[in-house]
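Please work through the exercises below with the sequence and the structure at hand, trying each task before reading its solution.

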Amino acid sequence: MDNFPNSIDLSTTIAGVYFPTCLMNASGARCVTQQDLHRLGESHAGAIVTKSMTPQERSGNPEPRYVSFPGGSINSMGLPNLGYHAYTELIPDLRVYNKPIVASIAGLKPSDFLEAVTAVNDAKPDLMEINLSCPNIPGKPQIGYDLHASEDLLLKIRDRAIPPIGVKLPPYFDPVHHEAMADMLTRVGVAFISAINSVGNGLVLDAETETVVIKPKGGFGGIGGRIIKPVALANVRAFYKLVGEHIQIIGTGGVETGQDVFEHLLCGASAVQLGTVLVNEHVEAFERLERELMDWLRKKGYSSVAECRGKLKEL
Ligand code: RRO
């Protein structure tokens, strides 16, 4: 047996859609504008994921609203996006890149989601990722922390959406919550889970100036980057063990190196999204991580992403 295969297959398939590589942007990271989306198309990204879209264009929260620090990032962007009309017009032009297009859908109220899903159907994205976990809209709690509200909304979306739908979840910190969410998502029949969104409502300070570092919500914001990796891996693993046979997992959170991608795959992810590292390093991050992931797979004797998925050993 060849333990050191030369050709490594980084492709993956989610809900029957072929992705040339398993790495893509996390919604929100360098995917708001037309230029951002075309850059993702031209890059080594295995898919183009849009910023979460709402019925109206939004400029988002006041700045400063994104700060990276050693170990991670804090953001309170506040859902800045072009509005679904603009994305619906942009999506067909992105077809030239021959990679899947994932439309991320958000809203401030349930009817926003339904309106966006209905309109975006016409643009024929390959998948829809329903964002149940934006932590940064003052006065609007993350839907993903309300099981019944999530189920009500997803059932209505399921009946309207033409492409397969997945959900972008917030982190959960207790197995009871993973189980309840997994049961509900199975009842609804979603095709994939993206786990996790940023860890909501963290606080980062500048001790020297004795101030918070971002302006919205008194400095509270979503935490991303390296320091959230254990939380992300735990959520990927928990959902993989509960529903991995029928719902695929896209791992997001704490990915900076090929080793981090490999760890998400071992936990059960079928693909991996880049957030903070993409914001900090731009689209060049995809090529580096692809190389580093290949090195890890080769070193560990795997010839494909599919082969190592879920292979984490327990003691
Ligand atoms: O725009 C944001 O503030 C934002 C969103 Br929609 C999200 O889902 N996650 C995040 O960390 N920020």
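This is a predicted model: local features need pLDDT of at least 70, side-chain atom pairs count only at pLDDT 80 or more; totals for chains, interfaces and linings use all residues.

Residues are numbered from 1 along each chain as its sequence is written, and side-chain values use heavy atoms, with hydrogens and water left out.

**Exercise 1.** Determine where Thr88 is found and whether Thr88 is buried or exposed.

*Solution.* Begin with the element: Thr88 is found in helix α2, residues 84-90 (helices are DSSP runs of H or I with at least four residues, strands are runs of E with at least two, and both are numbered from the N terminus). Next take the relative accessible area, which is 17% for Thr88, so this residue is buried (buried means under 20%, exposed over 50%, and partly exposed in between, with a 1.4 Å probe and protein chains only). Finally, list the contacts (heavy atoms within 4.5 Å): leaving aside residues up to four places away in sequence, Thr88 touches Ala119, Val120 and Ala123.

**Exercise 2.** Describe the largest nonpolar core.

*Solution.* A nonpolar core is a set of buried Ala, Val, Leu, Ile, Met, Phe, Trp, Tyr and Cys residues joined through side-chain atoms within 4.5 Å. The largest one has 93 residues, and those with the most contacts inside it are Ile105, Ile130, Leu185 and Ile193. Helix α3 (residues 110-121) supplies the largest share of this core, six residues.

**Exercise 3.** Describe how helix α5 and helix α6 are placed relative to each other.

*Solution.* First, the axes of α5 (residues 175-188) and α6 (residues 229-243) come within 10 Å and cross at roughly 50° (axes are lines fitted to C-alpha atoms, for helices over the stretch in contact, and angles run from 0 to 180 degrees between N-to-C directions). Therefore α5 is oblique to α6, since angles under 35 degrees count as roughly parallel, over 145 as roughly antiparallel, 65 to 115 as roughly perpendicular and the rest as oblique. The contact is made by His178, Glu179, Met181, Ala182 and Thr186 of α5, together with Asn235, Ala238, Phe239, Leu242 and Val243 of α6.

**Exercise 4.** Which peptide bond next to Pro64 is cis, and what is the phi of Asn201?

*Solution.* The cis bond runs from Glu63 to Pro64, with omega near -5°, and Pro64 is found in the loop between β4 (48-49) and β5 (66-69). Asn201, which lies in strand β11, has a phi near 60°, a positive value in a residue other than glycine.
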